[in-house]
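Subject: Structure for you to look over

Hello,

Here is the structure I promised to pass on. Please open it first, then read my notes below.

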Amino acid sequence: MPAEKRVFFSSVYGSSQAYAEEIAKQLGREAVDITDVELPSEGLVEEAPLIFVGPVYGVKLLGAENAACVARELDKALISQGSAKHVAFVSVGLTDPEKAAKKDSSAKFFGDEKDRVERFYVPGRIHYPKLKLAHRTAIKAMLLYYSSKPGATAFERELVASGAIGFDKVDVSLAAPVIKWAETR
Ligand SMILES: Cc1cc2nc3c(=O)[nH]c(=O)nc-3n(C[C@H](O)[C@H](O)[C@H](O)COP(=O)(O)O)c2cc1C
């Protein structure tokens, strides 16, 4: 059994890590990077409720597969405790978080386990000059789409206007509902 409970995160440019570290700090846990690691789902019961934080990259939500596996295993192990969810996933992205939450846009990443995972949405950041080439190319296409999209939202227009620089919407205080969820579980 680990000495300390953990908050798991995946991150490429650090914004998901910032949220994970704040959540961990507030809950007296340790933030642990699982970006390139498959987390074994055994032995995590003692750490429930578990929190994962990860960014959306187009058709991927980093860490979602891990979280789905763990949620399935925890539900089996904790079946006597009823139907409350034992795993939360905090999606970090550039889509307006209120809209993402309304659409519950990360649900699809959890497949059959989607009803086992509590989902939260927080805003990320992007700094174009620092992007890897593949990411820069992909983001250009996204901006092009938004720039000609009829009825683009204020957030999408802001993204387009951010041009060659980018912007930072990270606000770790927005993780408060996640902390409350963990504390009241
Ligand atoms: C290539 C690329 C694709 C992205 N796709 C999405 C997306 O589909 N939806 C979204 O909300 N954010 C998207 N983002 C924004 C990232 O989720 C955001 O920059 C996040 O803060 C990155 O997290 P990290 O710093 O932890 O790596 C994308 C960013 C890049 C570079």
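The ligand lies between domain 1 (6–124 + 170–184) and domain 2 (125–168), because both domains give residues to the shell around it. Those domain bounds come from an automatic or database domain assignment.

Two points on reading this. The model is predicted: local features need pLDDT of at least 70, side-chain atom pairs count only at pLDDT 80 or more, and totals for chains, interfaces and linings use all residues. Residues are numbered from 1 along each chain as its sequence is written.

**The ligand shell**
The shell holds 21 residues, and Ser 11, Ser 16, Pro 55, Gly 93 and Gly 124 come nearest to the ligand. A residue is near a molecule if its C-beta atom, placed from the backbone, lies within 6 Å of it. By class, the shell has 11 nonpolar, nine polar and one charged residues. Here Ala, Val, Leu, Ile, Met, Phe, Trp, Tyr, Cys and Pro count as nonpolar, Asp, Glu, Lys and Arg as charged, and the others, Gly among them, as polar. At least two shell residues come from each of α1 (15–27), β3 (50–57), β5 (87–93), β7 (125–127) and α4 (133–148). Helices (H or I, at least four residues) and strands (E, at least two) are DSSP runs, numbered from the N terminus.

**The two domains**
The domain centres, taken over C-alpha atoms, are separated by 25 Å. Seven residues of domain 1 are in contact with eight of domain 2. Contact means C-beta atoms, placed from the backbone, within 7 Å. On the domain 1 side, three of the touching residues are nonpolar, three polar and one charged.

**The core**
The largest nonpolar core has 39 residues; Ile 51, Val 53, Val 87 and Val 90 touch the most other members. Such a core is a set of buried Ala, Val, Leu, Ile, Met, Phe, Trp, Tyr and Cys residues joined through C-beta atoms within 7 Å. Its largest share, six residues, comes from α2. Beyond its neighbours within four places in sequence, Val 90 is in contact with residues including Tyr 19, Phe 120 and Val 178.

**Glu 113**
Glu 113 sits in the loop between α3 (97–103) and β6. Not counting residues up to four places away in sequence, Glu 113 touches Ala 68, Ala 71 and Arg 72.

Best wishes

Methods:
Contact = placed C-beta atoms within 7 Å. Buried ≥ 20, exposed ≤ 12 C-beta atoms within 10 Å, placed from the backbone.
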